[in-house]
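Have a look at the model first.

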Amino acid sequence: MPKPAKGPRLGGSPANERKIIANLCKALIHNEAVVTTEARARRVRPHMEKLITKAKKGDTYNRRLALKVLGDRESAYILFEELAPKFAERNGGYTRLTKLPHRKGDNAPMAMVELVLEPVSPKQAVVKEAEKAAQKAAAAEEEAAQSAESAESAESAESAESAPSADSPESADSAESADSAPSADSADEADSK
């Protein structure tokens with residue numbers, strides 16, 4: 001919920017301030033841009049952002065909450081049925097505040113609050129999709145590497161169990177007999193010459 005501002009309110013009482021904010025929100029919904037003082041623009045912006053977030057959810061509970069703030073069924077209908085689909089791809093930042101020159105009569109700082117209805121940049125969407133695809137590919141590579149390592153370790157364990165170890169005495173005897181056999185053959189060949 002927006003924090004109440006310190007210092008003087010917009011208007012005299014809290015009820016008057018709520019009405020000013022509600023009327024600014026309704027004007028913003030109907031006209032998509034409102035020129036007002038900078039203080040009022042800053043105060044209405046978080047309320048409008050929250051109303052648009054409720055409109056994007058679109059359920060009955062959020063519609064009733066918006067009606068409670070706006071007090072006008074027509075504005076709520078426009079917000080939920082016409083504006084909410086336009087903000088479906090956007091994650092926050094639904095309003096833009098632009099400073100304007102000071103007002104002539106009392107030199108009050110002026111600002112324009114407008115709804116950001118431009119579509120989200122396709123470049124940003126493509127970059128996000130590419131990052132997600134890269135993360136999925138990296139995860140798949142890691143899983144493949146882990147499965148290959150586990151398969152190799154399983155194969156080496158099976159081969160180690162089936163073949164006798166080189167350190168065992170039986171294999172040492174067979175290695176000595178294999179070494180002595182060719183030397184005996186070569187000695188027999190030398191005698192026959």
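How are H3 and H4 oriented to each other? They are oblique to each other, and the details follow below.

## About the model

This is a predicted model, in which local features need pLDDT of at least 70 and side-chain atom pairs count only at pLDDT 80 or more, while totals for chains, interfaces and linings use all residues. Residues are numbered from 1 along each chain as its sequence is written, and side-chain values use heavy atoms, with hydrogens and water left out.

## H3 against H4

Helix H3 covers residues 60-70 and helix H4 covers residues 73-83; helices here are DSSP runs (H or I, at least four residues), numbered from the N terminus. The two pack at an angle of about 135°, with their axes 9 Å apart. Axes are lines fitted to C-alpha atoms over the stretch in contact, and angles run from 0 to 180 degrees between N-to-C directions. Angles under 35 degrees count as roughly parallel, over 145 as roughly antiparallel, 65 to 115 as roughly perpendicular and the rest as oblique.

On the H3 side, the contact (heavy atoms within 4.5 Å) is made by Asn 62, Arg 63, Ala 66, Leu 67 and Leu 70. H4 brings Arg 73, Ser 75, Ala 76, Leu 79, Phe 80 and Glu 81. By class, the contact of H3 with H4 has six nonpolar, two polar and three charged residues (Ala, Val, Leu, Ile, Met, Phe, Trp, Tyr, Cys and Pro count as nonpolar, Asp, Glu, Lys and Arg as charged, and the others, Gly among them, as polar).

## H1 against H4

H4 also packs with helix H1 (residues 14-31), at an angle of about 45° and with the axes 10 Å apart. That angle makes H1 oblique to H4, and the crossing is left-handed. From H1, Lys 26, Ile 29 and His 30 meet Glu 74, Ser 75, Ile 78, Leu 79 and Leu 83 of H4. This contact has four nonpolar, two polar and two charged residues.

## H2 against H3

H2 and H3 pack at an angle of about 150°, and their axes lie 8 Å apart. H2 is therefore roughly antiparallel to H3, passing H3 in a left-handed crossing. Leu 51, Lys 54 and Lys 57 of H2 meet Asn 62, Leu 65, Ala 66, Val 69 and Leu 70 of H3. Five nonpolar, one polar and two charged residues make up this contact.

Terms used. Left-handed = near helix turned anticlockwise from the far one by under 90°.
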